[in-house]
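Me: Please take me through the strands here, one point at a time.

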Amino acid sequence: PKDFRFLERKGEQLAKRSGDVNGIDFLIDGCEDCHIIILDHVAQIFIDYCKRCTIVIGAVASSAFIRNCENCRIKVICGQLRTRDCVDCDLLVQVPGQPIIESSKGMRFGPVLTAYPDCEKHLEEAGLRKRFESDSGRCQWTKIYDFSPSNPPGGNHWSALSRAEAREVAVVLAQPDEVPLLLPRDPFLEGEEEEAGGEVKAKCMEDAAGSSASSVSIEEASSCSLADG
């Protein structure tokens with residue numbers, strides 16, 4: 001149905017809000033230079049053949065498929081993440097277990113640190129909250145499963161974003177009035193869990209309060225809040 005797809009759009013701002021999708025599959029195909037937000041719960045999401053787009057997806061109950069995309073920045077919370085034949089994309093992800101890549105290169109991964117205000121409700125409606133809270137629900141965004149480690153040849157298939165790099169991507173993808181997303185995930189590789197959790201959380205909340213409530217400060221606070229989990 002046309003209400004559940006964005007096809008071959010160029011240079012547009014496209015949006016679906018809470019209740020617009022309501023658990024139906026959604027397709028984004030052939031879009032270029034677009035800013036796309038779907039702030040609702042979705043059954044599955046298919047993102048194919050997109051170039052230079054920024055894309056924010058709410059709670060995806062099952063799989064998010066990202067295929068044949070180039071130079072995109074994507075933020076998604078989903079039950080499973082699979083990319084194939086993608087090049088030079090930045091992804092902020094929250095997924096139970098490991099994200100999966102195949103035949104892709106130059107992929108950079110970071111965690112989802114903040115989310116739009118209705119996200120918590122959509123996590124419940126998509127059945128994701130229980131999955132994230134299970135023993136296998138931790139998002140292993142620093143341990144990507146490469147389904148084709150020798151394809152393409154030459155390596156450089158994926159890397160983990162530093163906290164500073166993740167914040168830069170998060171600012172581009174931020175929505176109004178975002179709140180910290182407190183779900184289990186891998187820490188940043190620079191070792192955010194080295195200090196006692198309470199001390200880290202307190203320090204980051206102070207940093208957030210003292211920086212005029214910018215998107216960057218909120219994301220840093222949420223990152224550190226997870227360190228004691």
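**Strands, partners and burial**

Me: Which residue in β6 is the bridge partner of Asp48?

Reply: This is a predicted model, in which local features need pLDDT of at least 70, side-chain atom pairs count only at pLDDT 80 or more, and totals for chains, interfaces and linings use all residues. Residues are numbered from 1 along each chain as its sequence is written, and side-chain values use heavy atoms, without hydrogens and water. Strands are DSSP runs of E, at least two residues long, numbered from the N terminus. β5 (residues 45–48) is joined by four bridges to the parallel strand β6 (residues 54–67), and there the partner of Asp48 is Arg67.

Me: Which residue of β5 does Ile28 stand opposite?

Reply: Two strands pair if DSSP finds at least two bridges between them. β3 (residues 26–29) and β5 pair in the parallel sense over four bridges. Within this pairing, Ile28 faces Ile47.

Me: Are the side chains on the two faces of β5 buried or exposed?

Reply: Buried is under 20% relative accessible area, exposed over 50%, and partly exposed in between (1.4 Å probe, protein chains only). Ile45 and Ile47 lie on one side of β5, with Phe46 and Asp48 on the other. Both faces are covered, and these four residues are all buried.

Me: Which residue stands opposite Ile28 when β1 is joined to β3?

Reply: β1 (residues 5–7) runs parallel to β3, with three bridges joining them. Opposite Ile28 stands Phe6.

Me: How many residues of β8 are buried?

Reply: Asp90, Leu92 and Gln94 point one way from β8, and Leu91 and Val93 the other way. The strand (residues 90–94) is mostly covered, and the buried count is five of five.

Me: Which residue of β10 is opposite Leu92?

Reply: β7 (residues 73–84) and β8 pair in the parallel sense over five bridges, with Arg73 partnered by Asp90. β8 is also joined by four bridges to the parallel strand β10 (residues 107–111). There, Leu92 stands opposite Gly110.
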